[in-house]
Amino acid sequence: MSATPVSSTHGIRVTAQAALTRCGVELAAFKGDALTARTPVTGAGLFGLRADAPADVDQAVDAARQAFLVWRTTPAPVRGALVKRFGELLTEHRQDLADLVTVEAGKIRSEALGEVQEMIDICDFAVGLSRQLYGRTMPSERPGHRLMETWHPLGVVGVITAFNFPVAVWAWNTAVALVCGDTVVWKPSELTPLTALACTALLDRAAAEMGAPAHLNQVVLGAAEVGERVVDAPGIPLISATGSTRMGRAVGARVAARFGRSLLELGGNNAAVVTPSADLDLTVDATVFAAAGTAGQRCTTLRRLIVHEDVADALVERLARAYGRLPVGDPFQDTTLVGPLVNENAHARMRAAVDRATADGGTLVVGGERQLSEAAPDAYYVRPAILRMPGQTEVVREETFAPLLYVLTYRDLDEAIRLNNEVTQGLSSGIFTSDQREAERYLASDGADCGIVNVNIGTSGAEIGGAFGGEKETGGGRESGSDAWRAYMRRATNTVNHSGRLTLAQRVDFAP
């Protein structure tokens, strides 16, 4: 199917300016020539922006630290009230923020709106959490003593986000950090500065309306050197970083060198196993979204489909037909399902991966070609691709951030699990089956080794109620729901002696 007409750069610029203004951003205050806010929809530049210098980063950290000294003693339910108001403003400006997500990340309308909804949902979660930051009481071996654990605010949280989820991941961290009593310094991707400015303006407004301290969230703009300054800041006890494994390896080492904490959300080379008992209609629907949604630019994108040899031919035929019907083009068009790659480098990496895969004996089933547009010659729209591979070659083991799906075959479930687990990443995986025993085997401790393991659902589209994150080179971090809040707090073990006399543990006798 041909590409849909592409919006004009002028129209996109007007849309972005209007959304920013409604969110409370005075763009003139950020004008400069160090950064260019671009849109992958046309590939053109929109606005010139300033970048923060190292001294600016230090000032932002200091301001957040001063705000923390006040915020940490604010009752947690009061902190939750601020997050509640922020969620209300997000709801009010849902369309504005979605416009900016589409402008900067190229997401189709439903996915952009869904990302903003994810922000609203995590605010709801965090409001409830503000009354549930539970400690615990344990029995003491000493009479007249109470032994307990309490949780306290940690400090300033440094949040480094990637382009593909320009607002949701920041919200996961920030909503939870705020109710925990922390403050935030945010370094967004240099590819998505406008969304960061809009979110910061709305949170600042919520803080002012609720009488909260200023500077609870500080945004710093710039390229890698700005992120490095945040990572190295001794006043930031926790760095939450989302990005590539290469980036995470550098961040983790630098933070560890100063005895800070890291929460890393890194690469994913996600797989789904399709068994002979799978519902193929369900499998096709789930696979197409997981593999082609967001133009393959999710850390949870389905990149490897491990199919039993008895159903592989039939499934690939169905997938090829579904891929052939995918509308690729302007993400502002309601009928579009696949928007652009973020830039030329992303396209070059996809093409290189396809070439390597075919050189390894793979067969290109469908897609892979760039769709050129006279209206947007600098944009990179591609047809999502499927390749059948003779085995799990080196290129298959690597994450290519593009709509590129490798199909492998297997004979028994143990082989399928081995194929899933033998890559270095461990974020998300799934199995399609109607056999309860196969499902339970895949979920077992000797089954899939990922942080997210699903049955009869794709690898992407996680809900905020569960902790999000993965194992191995995915980094081991957990964000969003469940008990992920503990990463943003420090634990204290307390012993209270109300007996009136000194009793030592372990029967120690030390009477002077």
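How many nonpolar, polar and charged residues are there in the lining of the second largest pocket? By class, that lining holds eight nonpolar, eight polar and nine charged residues. Here Ala, Val, Leu, Ile, Met, Phe, Trp, Tyr, Cys and Pro count as nonpolar, Asp, Glu, Lys and Arg as charged, and the others, Gly among them, as polar.

Before I continue, a word on the basis of these values. The model is predicted, with local features needing pLDDT of at least 70 and side-chain atom pairs counted only at pLDDT 80 or more, while totals for chains, interfaces and linings use all residues. Residues are numbered from 1 along each chain as its sequence is written, and side-chain values use heavy atoms, with hydrogens and water left out.

I begin with the pockets. On a 1 Å grid over the protein atoms alone, a pocket is an open set of points where a 1.4 Å probe fits, with protein on both sides within 12 Å along at least five of seven lines; lining residues have an atom within 4 Å of a point. Grid points are joined across faces, edges and corners, and a volume is the space filled by probe spheres set on the points.

The second largest pocket contains about 380 Å³ of space. Its lining comprises 25 residues, and those nearest the centre are Glu-118, Phe-165, Arg-298, Gly-461 and Ala-462. Two or more lining residues come from each of helix H5 (109–129) and helix H6 (168–180), and H5 gives the largest share, six residues. Helices (H or I, at least four residues) and strands (E, at least two) are DSSP runs, numbered from the N terminus.

The largest pocket holds about 1,500 Å³. It is lined by 45 residues, with Gly-243, Ser-244, Thr-245, Arg-246 and Met-247 closest to its centre. Helix H8 (224–232), helix H9 (245–257) and helix H12 (344–359) each contribute at least two lining residues, and H9 has the largest share, seven. The classes here are 17 nonpolar, 15 polar and 13 charged residues.

I turn now to salt bridges. A salt bridge is a side-chain nitrogen of Lys or Arg within 4 Å of a carboxyl oxygen of Asp or Glu, and the count comes to 28.

One of them joins Arg-22 to Asp-96, at 2.7 Å from N to O. Arg-22 lies in helix H1 (residues 9–23) and Asp-96 in helix H4 (residues 94–105), 74 residues apart. Asp-96 is buried, at 7% relative accessible area, whereas Arg-22 is partly exposed at 45%. Buried means under 20% relative accessible area, exposed over 50%, and partly exposed in between (1.4 Å probe, protein chains only).

Asp-281 and Arg-318 form another salt bridge, with their closest N and O atoms 2.5 Å apart. Asp-281 is in helix H10 (residues 280–292) and Arg-318 in helix H11 (residues 312–324), so this pair ties together parts 37 residues apart in sequence. Asp-281 is exposed, at 51%, and Arg-318 is partly exposed, at 29%.

Helix H12 returns here: its Arg-356 pairs with Glu-398, which lies in the loop between helix H13 (394–397) and strand S16 (404–410), 42 residues apart.

Finally, Arg-85, Glu-88, Arg-205 and Glu-209 are linked in a network of salt bridges.
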